[in-house]
Amino acid sequence: MLPPYADLLGLTVDLDLSDAAPVLIMPFGDDVLGRPGFLHGGAISGLMEMAAIAALQHALAAEGGGRIKPINVTVDFMRGGRDKPTRAQGVVTRLGNRVANVEATAWQDDPAKPIAAARMNYMVARD
């Protein structure tokens, strides 16, 4: 379950039934508009944060669950997001007993050409 901010961004989940972390899709619209024709950087960052949360919850569910709390977020913007749907997926790079490290990327046409990338650290409280 994603935080309410995901609804504000209009996020949906790509219904891929693989065991990989979910891919989130953010439609282009006035709610995520920055300068004319481009996504707002905060919307891109929010999308990647939601993708990281989804990936971490997916990984925790496989190990019995847990609660998370963000420690820090670092975002790198590589190119402007245009007026089309944007996808993002998180990858858990380390899932310890107390801390998790997650990377997320956002792309539009080609996952190999991301528009932004993020690295996040979370505190983990196991259930």
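Val 99 stands opposite Met 123 in E6, and Val 99 itself lies in strand E5. Strands here are DSSP runs of E with at least two residues, helices are DSSP runs of H or I with at least four, and both are numbered from the N terminus. The model you are looking at is predicted, so local features need pLDDT of at least 70 and side-chain atom pairs count only at pLDDT 80 or more, while totals for chains, interfaces and linings use all residues. Residues are numbered from 1 along each chain as its sequence is written, and side-chain values use heavy atoms, with hydrogens and water left out.

Let's stay with Val 99 for a moment. With a relative accessibility of 31%, Val 99 counts as partly exposed; the scale calls a residue buried under 20% relative accessible area, exposed over 50%, and partly exposed in between, using a 1.4 Å probe and protein chains only. Together with Ile 71 and Met 123, Val 99 makes up a nonpolar surface patch that has about 240 Å² of accessible area. Patches take residues with over 30% relative accessible area and no salt bridge, joining like charges within 9 Å and nonpolar side chains (Val, Leu, Ile, Met, Phe, Trp, Tyr) within 5 Å. The areas come from the Shrake-Rupley method with a 1.4 Å probe, and for residues only the protein chains shown count as cover.

Now step back to the sheet. Its six strands form an open sheet in the order E1-E2-E4-E5-E6-E3, with antiparallel pairing. The edges are strand E1 (12-13) and strand E3 (66-77), each of which pairs on one side only. Helix H2 (residues 41-61) packs on this sheet, touching E2, E3, E4, strand E5 (99-107) and strand E6 (116-126), and its direction makes about 45° with that of E4. The axes behind that angle are lines fitted to C-alpha atoms, for helices over the stretch in contact, and angles run from 0 to 180 degrees between N-to-C directions. Strands of a sheet pair through backbone hydrogen bonds, either parallel or antiparallel. Two strands count as paired if DSSP finds at least two bridges between them.

We can walk across the sheet from E1. Two bridges pair E1 with E2 in the antiparallel sense, and Thr 12 stands opposite Ile 25 in E2. Four bridges then join strand E2 (residues 23-26) to strand E4 (residues 86-95), also antiparallel; here Leu 24 faces Ala 88 and Ile 25 faces Arg 87. Along E2, Val 23 and Ile 25 point one way while Leu 24 and Met 26 point the other, and all are buried. Further on, eight antiparallel bridges join E4 to E5, with Glu 103 in E5 as the bridge partner of Val 91. E4 and E5 form a hairpin with three residues between them. Eight bridges also join E5 to E6, again antiparallel.

Two residues of E4 are worth a visit. Thr 86 is found in strand E4 and counts as buried at 0% relative accessibility. Setting aside residues up to four places away in sequence, Thr 86 touches several others, among them Leu 24, Leu 39, Leu 47 and Trp 107, where contact means heavy atoms within 4.5 Å. Gly 90, also in strand E4, is buried at 4% relative accessibility. Leaving out neighbours within four places in sequence, the contacts of Gly 90 include Ala 51, Ala 52 and Ala 55. The C-alpha atoms of Gly 90 and Val 23 are separated by 7.8 Å, although these residues are 67 residues apart along the chain.

Finally, the charged pairs. The structure holds three salt bridges, each a side-chain nitrogen of Lys or Arg within 4 Å of a carboxyl oxygen of Asp or Glu. In one of them the side chains of Arg 126 and Glu 63 meet at 2.7 Å, N to O. Arg 126 lies in strand E6 and Glu 63 in the loop between H2 and E3, so the pair ties together parts that are 63 residues apart in sequence. Another joins Asp 76 to Arg 119, with the closest N and O atoms 2.9 Å apart; this pair links strand E3 and strand E6, 43 residues apart. In the salt bridge between Asp 109 and Lys 84, the closest N and O atoms are 2.9 Å apart. Asp 109 counts as exposed at 62% relative accessibility, while Lys 84, at 29%, counts as partly exposed.
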